[in-house]
Amino acid sequence: MNCTIIKYYYGDIPDQQSGSSISSRPGGGGEGDSSSWPLWEVFIRSKQGLDHKHVGSLHAADAAMAIENARDVYTRRQEGVSIWVVESKYIHASNPDEAESFYEPANDKVYRHPTFYDLPDEVKHM
Amino acid sequence: MTDAQNSTGLSIFSPPEGAPALFSYTLHLADTALILGQRNSEWCGHGPVLEQDIAITNISLDLLGQSRNFYQYAAALYNDFSTQEKEQVNHYIPRLWKAYNREINEDDLAFLRDENQYLNLLLTELPKGDWAQTILRELFISAFQFYQYSQLQNISDAALAAIAEKSIKEVTYHVRWSSEWVIRLGDGTAESNRRLQQALTELWPYTGELFIPASYEMQLIKKGFGTDVRSIKNNWLKKVEAVFTEATLSFPSGGGREGASWYQQGGKEGQHTEYMGYLLAEMQYLQKTFPNVVW
């Protein structure tokens, strides 16, 4: 005899009654679950910082939602005063396999660092 | 208690007979924030996606913070009351606390009172429902709080004005966040629109209470306190209507724009829906089982 027992924990509600189907709306990319929302990379500028630094990624249906999500996920502890988001698919990255030819040639070129000059005492803030 | 200083050092608006009404009103503001915060927090761990789980929980925490400020002020008011003033509001004071033999504090007010001593809006205690219902209620309440706190910022009671000024920044974000969700779902798929429309039918009869002054509010209005919920109804309707237009939602039929021809009310006077008791049972369990327990 087959019998199915569904156990609901407190607060759980069946999918058809819960909010889980909301993701199948325009901009969500279609079929149902939240994994179909595109991924966004988040950059935050801190109060002291001049530049936006990459802090992580999140899912959102569009740019407006991505910024709000970023506000809620990444600035809860006063981390920043400005947010940039960009869809992850628009990020072009260097290939780790090419690291040798990309970065190693710089290893023995110490003269590219400005460390061979004697600075006059009058020059400040260097 | 004219121009008395409470424990926060801020002067209190209190014409001789106004203090008990001010206390009740402060409790009403605190309860509304607390109960909505408690309801929204039920999404914690159950949000539709991780990011929205965090968003709604953040909003819960904002509301909890607001309610703490109001409860602290209410407690300070009560502790400074004369015996005569205390008698006028003792029906709101938890029985359990009386055995504690110390000054009342924010936790006593939040966790020890009985159902009919709570003065929150009925709308806040309704079940969280589905996501549509949660975000539509959040829009209704946060838009209301926005105009309510805008008025409160300018009253002569320095403590309440300060709390309102601090809270309005949070509320502004709640309005923005919930508006975008209502627009998203309303103008989304047939299914999301249907759910939102259903939530609207469910919640609309509870919106009338927002703009009907309770007895203690009437007392304050008569004394020129500076807030009147009746006067913010039009602004609120305009705001909600603007969101609804974008969300392609229509107001419930019957009675024109007013929607329902009658409204549920009573929460502000301590008469609650059947859902309230269950909410309190869960929320108060710890303090009632282990009195004065702290982390």
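What is the hand of the crossing in which helix 1 of chain B passes helix 10 of chain B?

Analyst: This is a predicted model, in which local features need pLDDT of at least 70 and side-chain atom pairs count only at pLDDT 80 or more, while totals for chains, interfaces and linings use all residues. Residues are numbered from 1 along each chain as its sequence is written, chains are lettered from A and ligands numbered from 1 in the order in which they are written, and side-chain values use heavy atoms, with hydrogens and water left out.

The crossing of helix 1 of chain B with helix 10 of chain B is left-handed; that is, the near helix is turned anticlockwise from the far one by less than a right angle, whereas clockwise would be right-handed. Helices (H or I, at least four residues) and strands (E, at least two) are DSSP runs, numbered from the N terminus. Helix 1 of chain B covers residues 19-41 and helix 10 of chain B residues 215-222; their axes lie 9 Å apart, at an angle of about 125°. Axes here are lines fitted to C-alpha atoms, for helices over the stretch in contact, and angles run from 0 to 180 degrees between N-to-C directions. The two helices are therefore oblique to each other, since angles under 35 degrees count as roughly parallel, over 145 as roughly antiparallel, 65 to 115 as roughly perpendicular and the rest as oblique. From helix 1 of chain B, Ala21(B), Leu22(B), Ser24(B), Tyr25(B) and His28(B) meet Tyr216(B), Glu217(B), Gln219(B) and Leu220(B) of helix 10; contact means heavy atoms within 4.5 Å.

Elsewhere in chain B, Thr124(B) belongs to helix 6 (residues 122-125). Thr124(B) is buried, with a relative accessible area of 0%; buried means under 20%, exposed over 50%, and partly exposed in between (1.4 Å probe, protein chains only). Leaving aside residues up to four places away in sequence, Thr124(B) touches Thr32(B), Ile35(B), Leu36(B), Arg39(B), Arg137(B) and Ile141(B).

Now for chain A, with its two helices and three strands. Its elements run β-β-α-β-α from the N terminus on. The strands form an open antiparallel sheet in the order 2-1-3, where two strands pair if DSSP finds at least two bridges between them. Strand 2 (53-59) and strand 3 (82-87) are the edges, each pairing on one side only. Strand 1 (residues 39-45) is joined to strand 2 by six bridges, and six bridges also join strand 1 to strand 3. Among the facing residues, Glu41(A) has Ser57(A) as its bridge partner in strand 2, and Ile44(A) stands opposite Ile83(A) in strand 3. Strand 1 is mostly covered, with five of its seven residues buried.

Helix 1 (residues 63-74) of chain A lies across strand 1, strand 2 and strand 3 of chain A, at about 115° to strand 2. The buried residues of helix 1 of chain A include Met65(A), Ala66(A) and Tyr74(A). The buried residues of this helix also link the chains: besides the three strands of chain A, they pack against helix 2 (50-80) and helix 8 (158-186) of chain B.
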